[in-house]
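Please open the structure in your viewer and keep the selection tool at hand.

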Amino acid sequence: MNERSQIPIESRLMQTLLSDRFALTAEVVPPVSAGADDLFSEIDLLKDHVDAINLADSAGGRVHMSGLACAALMIAKGIEPVLQVTCRDRNRLALYSDLLGAGAIGVHNLLIMKGDNLNAAEMPNTKVVHDVDSAELIETATALTATGILRSRGLRFTSDGVATEEKQIKSPPTFFVGAADLPGATDTEWWRGSLRKKVQAGAQFIQTQLCFCKETITNYAQALRQDRLNDNLFVLIGTGPLKSARSAIWMRDNLYGATVPDTVIERLRNASDQRAEGISICAELLEHIAQTRGLSGAHLMAPGNVDAIPEVIARAGTNLQDLKMARA
């Protein structure tokens, strides 16, 4: 827990983490649709198995339904979202307005990220914004929760005719603020500086890019402990059920920062039922995460294979809490 920030107890995800239970989140990609049927067909599969559900923000640099709109639909049905907010598409005026809107509809969990590169084929004339970087937006969101003050290095608010870079907000939000990270990048100075910057800005939890390598997960946890980077935050490792060797190869080659070892690809390729093997691999990874000191849970991603996530949790679920407690 980040001691400088007020604890937003409204977040059920944070309550799970504070209780030292193994936390599970999952991710859905909002549909390319103005209807909610496809959104809820996936969310309904997940809602009884995880603590919160991430809503990707124009994943892959493509157009999708607004994550803020999806969050409102979920909250209306009593389902807790993690709203992903990327700095790629909106300037600070729009981003800060979205933070206030998120607070108004009852969003308590944010995952703040730089954002994927735009898909050049689909969005050839679209301008990348990056007016605010992820650390600055994390700092803004945590300050809003802790003090009720909206701070900006690039906007000038006016109050009683006096220009200032701070504005007291009526009815401030209560955000549990997260950041993204790459488990396979711990041997670079860039990784250490980037994560430290996010932690110092006030990040309270981490959800990582996809990782299917036990050794990488172990080394990542050791690096976090060595640099004391996880003293004040919770860490959820990104993984998921792989559908096939072909999908594993695609993730390795196309998802920036994803860790997909050759041994996993070969194991899938040699399996008589590749989907079932992907579920087994993911269940083993969850058990490994639960046994690894310094980690708090897992973030499950399964593009095109969301219905396998409940099967993974059922396979590993009975062991996760016991394994986490045994390592303490």
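## First stop: strand 12 and its partners

Begin by selecting strand 11 (residues 234–239) together with strand 12, which pair in the parallel sense over four bridges. The model on the screen is a predicted one. Within this pairing, Thr 239 stands opposite Leu 300 in strand 12.

Next, show the side chains of strand 12 (residues 297–300). Which residues point one way, and which the other? Gly 297 and His 299 point one way, whereas Ala 298 and Leu 300 point the other way, and all of them are buried. In a regular strand, side chains alternate between the two faces of the sheet.

## Second stop: Leu 24 and the cores

Keep Leu 24 selected and display its surroundings. Leaving out residues up to four places away in sequence, Leu 24 touches His 49, Val 50, Asp 51, Ala 52, Leu 286, Ala 298, Leu 300, Ile 313 and Leu 320.

Leu 24 also belongs to the largest nonpolar core, which has 89 residues. Leu 24, Leu 110, Leu 137 and Leu 286 are the residues with the most contacts inside this core. Select helix 10 (residues 274–291) as well: with eight residues, helix 10 gives the most to the core. A second, separate core has 12 residues, including Leu 13, Leu 17, Ala 23 and Phe 176.

Move to Asn 109, which lies in strand 4. Is Asn 109 buried or exposed? Its relative accessibility is 0%, and therefore Asn 109 counts as buried.

Zoom in on the side chain of Asn 109. It makes a polar contact with the side chain of Ser 11, at 2.6 Å. The side chain of Asn 109 also reaches the backbone oxygen of Pro 81, at 3.2 Å. When neighbours within four places in sequence are left aside, the residues in contact with Asn 109 are Ser 11, Leu 13, Ala 52, Glu 80, Pro 81, Val 82, Leu 83 and Phe 176. Among these, Leu 13 and Phe 176 are members of the second core visited above.

Select helix 3 (residues 67–76), in which Gly 67, Cys 70, Ala 71 and Met 74 are buried. Why do these four lie on the same side of helix 3? They cover an arc of only 100° around the axis, and therefore share one side of the helix. An α-helix has 3.6 residues a turn, so residues three or four places apart point the same way.

Then inspect what flanks helix 3. Ser 66 caps the N-terminal end, with a side-chain oxygen 3.2 Å from the backbone nitrogen of Leu 68. Helix 3 is followed by Gly 78, whose phi is positive, near 80°.

Select Leu 118, in the loop between strand 4 (109–113) and helix 5 (134–147). Apart from residues up to four places away in sequence, Leu 118 touches Gly 61, Arg 88, Asp 89, Thr 126 and Val 128.

Two of these, Arg 88 and Asp 89, form a salt bridge with each other, with the closest N and O atoms 2.6 Å apart. Arg 88 is buried, at a relative accessible area of 1%, whereas Asp 89 is partly exposed, at 29%.

The count of salt bridges comes to 23. Another to display joins Arg 90 and Asp 98, whose closest N and O atoms are 3.0 Å apart. For a further example, select Arg 228 and Asp 231, whose side chains meet at 2.6 Å, N to O. Arg 228 is exposed, with a relative accessible area of 60%, and Asp 231 is partly exposed, with 40%. Finally, select Arg 92, Asp 131, Glu 136, Glu 139 and Arg 153, which salt bridges with shared partners join into one network.

Technical notes: Residues are numbered from 1 along each chain as its sequence is written. This is a predicted model: local features need pLDDT of at least 70, side-chain atom pairs count only at pLDDT 80 or more; totals for chains, interfaces and linings use all residues. Side-chain values use heavy atoms; hydrogens and water are left out. A nonpolar core is a set of buried Ala, Val, Leu, Ile, Met, Phe, Trp, Tyr and Cys residues joined through side-chain atoms within 4.5 Å. Buried means under 20% relative accessible area, exposed over 50%, partly exposed in between (1.4 Å probe, protein chains only). Helices (H or I, at least four residues) and strands (E, at least two) are DSSP runs, numbered from the N terminus. Contact means heavy atoms within 4.5 Å. A salt bridge is a side-chain nitrogen of Lys or Arg within 4 Å of a carboxyl oxygen of Asp or Glu. The arc is that of the directions from the helix axis to the C-beta atoms. A polar contact is a pair of N or O atoms within 3.5 Å; within protein, one must be able to donate a hydrogen and the other to accept it, and residues adjacent in sequence count only if both atoms are side-chain atoms. Two strands pair if DSSP finds at least two bridges between them.
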